[in-house]
Amino acid sequence: MPKWSFPLKWFLFSISYLSLAFLCLETRDNGSLSSTIWLPAGLTLGILCSTPLLQWPIWVLTAGMLHILASLLHQRPLDIALVFALNDLVILCLSAYIWQSIRNSSAKFSNMVAMGVFILIVLAASALGGMTTFYSLHILGYPAVLSHFLSWSISNATGCLAITPLFVVNQLIQQSINNRTGWNHRLQIAAIIALSAALFLQNGFYRTNLAVMDFLLYLLFGLTLLSSLFIKERQLSLLYVTQALIVSIATLYNCGPYSIDIYQGNSGITASQLYLLALFISGMLVRSRVTDVLFAKKHSEQQYRLAQAVMPGQSHFQFQININQQKVIWLDAIDKLFNLPARFIATPALLLGRMHAEDREFFIPWFNGEQQTTAAPYTHPVRLILTGTTFCDGQIALFSNHDNTANLYLNGLLIVYQDQLNLC
C-alpha cells in the first residue's frame, strides 16, 4: 500500500464528513436540537467497521473534532455540541466493535442473517444513544422531552443505514450481482431520484389527494426495492443518501406528503424518517437475500466442476479451507481414510503434515492464499501419509472462492483410487 494512501483516505474522510455535516445540520429541528438525519454517523460507522482497532483513535478523534466544529459553525452551544458528539462516537464505536467481533468469530451466517444482525445492532445502539442524549441534555437543564429521544434515535439510525451499503455490504459480498453498470441502471437511478423530488417537493397538492399520495409513496418504495436487485453497492448508497436528503429537507420546509398540512407538529418529521428507515432496511435485506441465492448457485457450480475431476474407480472427499482463519472443514467423512477423527486434520498445517514432503511445496501457496483460481480447478497429484511408512496416491483439486462473510476460501476435493482406499 502506498505511503500516501492513508493520508489521502483521511483527507477524503474529513472533507466528506464536514460536507455531510453541513448538509444535515440544514435539516436541524430546533425543537429537538437535532438534525432530522445525521449522515456522518453512517460514514464514521462504515470506516470503523472496515478498519483495524489500532486505527480507530485517529478516525474517532477526527470525527469528534469535525462534529464539534460543524455544530459551532451552525450556532449550536458548545455544551450541546459536546453532548451530541460524544454520544454519537460512543454508540458508533460500540456498534462497530460488536460487528467486527461477530465477523471475526467462527460462526457462519448467510448474507441476509448477517445484514439483519447489523441492522439490529444499529437500531439498538441508536436507541441507546437517543436515551443517553436525552438524559445528558436534561442534566444540563435543556427543555428536552421524551419524544425527542425518538427523533434522535431515528436520525442516527437512518444516517447509518443510508451509507451502510458503501462499507458493510462490500464486506459481505465479494461478487457483484451485476458486473456492469449500464445506462439502463443509471436511468433507473435517475428516474427514482426524479420521482422522489417530484413527490416530496409538492406543496399543498396532497391535502385533497391523499389516495394519490399513498399510491406514489408505495410506488417509490417498490421502485427503490427493485433497484436494490440490480445496481451496485456504491450506486445503491448514493441513491439512499440522495433520497434521505430530499425527504428530510422537503419535510423540514413543509413540502411533500409529510408536511405540517397533513401531520401536526413534528410528527411529520418523525413519519418521514420512519419511511426512510423502512425503505433502507427493506432494501438491504432484499439485496442480501438475492446475493445469498447467487452465492449458493455459484458454490453448487464449483462443486459440480470439482466432481467432474473424479473418474470411475476413485473415491473423493470434499473439504473447504478458510484461508483467513486457517481452518479445514471436511464435508465428507475423512476418518475412514486416515483412521483419525476430522478434528486431527482441522487446519491446513495438519493437512500438509499428512502429505509427502515433496508435495507440500505445491500446496502451501494455495493454502496460504498466495495462489488463487476461479476459472478452472487446480489439480495436482499428492501422496498422503497414512502411517509412518504407508503412503496413498491421489490428487487434490482446488477452487478459490469467497464465502458470504468475505473470508477467502478454497473449495477442495481430495481424490484417491478406490483400490488403494481398500488397501488402507
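Predicted model: local features only at pLDDT ≥ 70, side-chain atom pairs only at ≥ 80, totals over all residues.

Trainee: What is said about the phi of Q75?
Mentor: Phi of Q75 is near 60 degrees, which is a positive value in a residue that isn't glycine. As for its place, Q75 sits in the loop between α3 (56-73) and α4 (78-103).

Trainee: What share of the protein chain counts as buried?
Mentor: That's 48% of its 424 residues. To get that label, a residue must have under 20% relative accessible area.

Trainee: What makes a set of residues a nonpolar core?
Mentor: The members are buried residues of nonpolar kinds such as Leu and Phe, joined through side-chain atoms within 4.5 Å. The largest one here has 67 residues, and L39, L45, F118, L161, F200 and F280 have the most contacts inside it. Helix α9 (residues 233-252) gives the largest share, nine residues. In general, nonpolar side chains tend to be buried together in soluble globular proteins.

Trainee: Which residues does L161 touch?
Mentor: Leaving out residues up to four places away in sequence, L161 touches F118, I119, V122, Y240, L277, F280, I281 and M284. There's also a second, separate core of 24 residues, with I345, L352, L386 and L398 among them.

Definitions and conventions:
Residues numbered from 1 in each chain as written. Heavy atoms only, no water. Helix = DSSP H or I, 4+ residues; strand = E, 2+ residues; numbered from the N terminus. Buried < 20%, exposed > 50% of the residue type's maximum accessible area, 1.4 Å probe, protein only. Contact = heavy atoms within 4.5 Å.
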